[in-house]
Amino acid sequence: MVAVEAKGICKSFPGVKALDGVSLTIDKGEVHAIVGENGAGKSTLMKILGGLYDMDSGKLLIDGKQREFKSISDSLAAGISVIYQELNLMPALTVAENIFVSDLPGTAGTVNYRELNRRTKELIDSMGLDIKPTSPVDLLSVSERQMVEILKALSHNSEIIIMDEPTAALNNREVDTLYEIIRKLKADGKTILYISHRLREVFDLCDRATVLRDGQYIGTKAISDIDERQLVEMMVGRDISQLYKYTEHALGEKLFEVEGLTKKGVFSNISFSLRAGEVVGIAGLMGCGREEIAQSIYGILHHNSGTIKIDGQEVSIKRPVDAINNGIGFVTEDRKDSGIFALMTVRENLTINVLRLISKFRIISDKKEQKLLEEYTKGMNMKYSDEMQRIMFLSGGNQQKFVLARAMATGCKVLILCEPTRGIDVGAKAEIYQLLSGLSEKGYAVLVLSSELPEIMSICYRTLVIFQGEITGNILRDEMDENLIMRCATGNETFFSKGAAI
Ligand SMILES: Nc1ncnc2c1ncn2[C@@H]1O[C@H](COP(=O)(O)OP(=O)(O)OP(=O)(O)O)[C@@H](O)[C@H]1O
Ligand SMILES: [Mg+2]
């Protein structure tokens, strides 16, 4: 039985053909992956299925019936719900209100809150989660918000559930929960469309995978007939042997030092240093305190004690601007909330932190701004139609590249990157790794917080592991392995490589 059939779907935006005659078939009851590089058209296709966008031409059949959705509710009524890549929750409302926003229980304009919270609690419990129905969403972490988004989609009990990068903001334990949810849904006969840049998930969860590239349909394969290398080759359209490889280079002097950094109840006595040219990872489970350590260094959070030194000189960092002035660049993990200025152009997004460098008497030099854009976007293979395009219209991965480029454009020497390749495709990931490697060869010191261990293992010279706000591991590249990092991250072991300065 076929659940979804798309025939020759086309969709253009000014300057880009996002979908160019895409045809595909999704069987009832399967978990079907849609994969492809950033900007391939995955989210656009899902937005058409979700009733958010009209298609320019083509046909869509749901359960054999031809449909054209004019609104989200049309698509919901046809049994489709979508978890969008960009979170769409209303921050001031509670978890329960967000989940049931289109279907609040009650009569004559009054909401029955007791019933609302009861239903929500039931849904949360059935998924084995620990979130309060009455919490306002803006008090939740990014990953909890993602789980709320997932619950919202599940609350409709739809037959077809579309998940557009649902794990991009989840920690490992939540990813496991999502795996269970997906398996349960599949056992109930639901059909799932699953988009992810993490191919491991595609191989763990999915029955078949469809590849899109530059808006075109490339092919569909049964997961059992294909390996990761072949899938990547379909996605990027070239042999992947040229993807990123770590290269050794000599390290310079100590460039950046943290001594005894403490924030009561969050992390304590954190001391480490980075040498010029060194790429150091910070691994640890969600809640271990690593984000807070990074945010304290950058002046987003206050710390109670400890010192930060650059080139051996103590510096005082109270706000992000102090960090920027001392040559520290920062990339946030929360792209949508604090990473991009959605309504501004791609060029403004790149140069916002450095306006003083490119302006005179408060007038921004158009030429200098353009030059900076070209300098930093060159080599990152960013896709945008022109520099005046609003950044919100770029694909997720391309937005992320801008956030990275912006940090570099501040002319910093120390770069702190939180989840730098979240939502970035395999090819672009390799490009970003190459770029970081190039920066480290030039003498930048780079601190990478990542929940993807394969990422840390492929790019870092050394890894610090944090458990409950303390350093439990300092592991050199030769000794790094995923199990060792996990043992330190769970507090079951401490490991300090011999001869490695922290
Ligand atoms: N609303 C829009 N306005 C203009 N261009 C858009 C809009 N939405 C998408 N695009 C463009 O269409 C193309 C496909 O984007 P889409 O978001 O579907 O990619 P994607 O495959 O989901 O990528 P990613 O993996 O980065 O999320 C991109 O070039 C993107 O910039
Ligand atoms: Mg997308």
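Helices here are DSSP runs of H or I, at least four residues long, numbered from the N terminus. The model used in these exercises is predicted.

**Exercise 1. Helix α9**

Task: Decide how far helix α9 is enclosed, and state what follows the helix.

Solution: 
- Step 1. Locate the helix. α9 covers residues 290-297.
- Step 2. Apply the cut-off. Buried means under 20% relative accessible area.
- Step 3. List the residues that pass. They are Arg290, Glu291, Ile293, Ala294, Ser296 and Ile297.
- Step 4. Conclude. Six of the eight residues are buried, so α9 is largely enclosed by the rest of the structure.
- Step 5. Look past the end. Gly299 follows α9, and its phi is positive, near 85°.

**Exercise 2. Helices α5 and α6**

Task: Work out how α5 and α6 are oriented to each other, and which residues meet.

Solution: 
- Step 1. Find the pair. α5 spans residues 142-155, and α6 spans residues 172-187.
- Step 2. Take the geometry. The helices pack at an angle of about 10°, with their axes 11 Å apart.
- Step 3. Compare with the cut-off. Angles under 35 degrees count as roughly parallel. α5 and α6 are therefore roughly parallel to each other.
- Step 4. Name the contact residues. α5 brings Ser143, Glu144, Met147, Ile150 and Leu154. From α6 come Glu174, Thr177, Leu178, Ile181 and Leu185.
- Step 5. Sort the contact of α5 with α6 by class. Six residues are nonpolar, two polar and two charged.
- Step 6. Recall a rule on spacing. An α-helix has 3.6 residues a turn, so residues three or four places apart point the same way.

**Exercise 3. The cavities**

Solution: 
- Step 1. Count. Four cavities of 30 Å³ or more are present.
- Step 2. Find the main contributor. Helix α16 (residues 426-441) gives the most to this lining, with four residues.
- Step 3. Sort this lining by class. Eight residues are nonpolar, five polar and two charged.
- Step 4. Turn to the second largest cavity.
- Step 5. One residue is nonpolar, five are polar and five charged.

**Exercise 4. Gly39**

Task: Is Gly39 buried, partly exposed or exposed?

Solution: 
- Step 1. Gly39 sits in the loop between β3 (31-35) and α1 (42-49).
- Step 2. Judge the value. Gly39 has 38% relative accessibility, so it counts as partly exposed.

Technical notes:
Residues numbered from 1 in each chain as written. Chains lettered and ligands numbered in written order. Predicted model: local features only at pLDDT ≥ 70, side-chain atom pairs only at ≥ 80, totals over all residues. Heavy atoms only, no water. Buried < 20%, exposed > 50% of the residue type's maximum accessible area, 1.4 Å probe, protein only. Helix = DSSP H or I, 4+ residues; strand = E, 2+ residues; numbered from the N terminus. Axes fitted to C-alpha atoms, helices over the stretch in contact; angles between N-to-C directions. Parallel < 35°, antiparallel > 145°, perpendicular 65-115°, else oblique. Contact = heavy atoms within 4.5 Å. Nonpolar A, V, L, I, M, F, W, Y, C, P; charged D, E, K, R; others polar. 1 Å grid on protein atoms, 1.4 Å probe; cavity = no way out; pocket = protein on both sides within 12 Å on 5 of 7 lines; lining within 4 Å. Points joined across faces, edges and corners; volume = space filled by probe spheres on them.
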